[in-house]
Amino acid sequence: MEEFLHIAPGSVSVMGLMNDRENRVQLLIDRDVLEGEYFGCHPCVSISSIRMKMRDLIEIFLPAVGHESVYVDL
């Protein structure tokens, strides 16, 4: 992930997709996670966490960084 997202080990986050301008990383989201209103992640550093609405991730963040997600059943 350092090569593709420019994020240190332990800090990998969905937010790192903003660094993947060549779309080399595919985001997989478990369908169970989609049922929650919010999710938590690191903001590309492991010393803090953020909470974001799932709808904002799908409808705002991912389109803004040029990524789509694939939904899976894990």
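These are my notebook entries on one predicted chain.

I noted that residues are numbered from 1 along each chain as its sequence is written. The model is predicted, so to speak of local features I need pLDDT of at least 70, side-chain atom pairs count only at pLDDT 80 or more, totals for chains, interfaces and linings use all residues, and side-chain values use heavy atoms, with hydrogens and water left out.

**Overall form.** I found three helices and four strands in the chain, in the order α-β-α-β-β-α-β from the N terminus; helices (H or I, at least four residues) and strands (E, at least two) are DSSP runs.

**Residue L17.** I looked up L17 in the loop between α1 (2-5) and β1 (27-30), and L17 is buried at a relative accessible area of 3%, where buried means under 20% with a 1.4 Å probe and protein chains only. Leaving aside residues up to four places away in sequence, L17 touches L5, V25, L27, L62, V65 and H67, a contact being heavy atoms within 4.5 Å.

**Ring of Y38.** I saw the charged end of R51 over the ring of Y38, 3.8 Å from its centre; this requires CZ of Arg, or NZ of Lys, within 6 Å of the ring centre and within 35 degrees of the ring normal.

Terms used: Buried means under 20% relative accessible area, exposed over 50%, partly exposed in between (1.4 Å probe, protein chains only).
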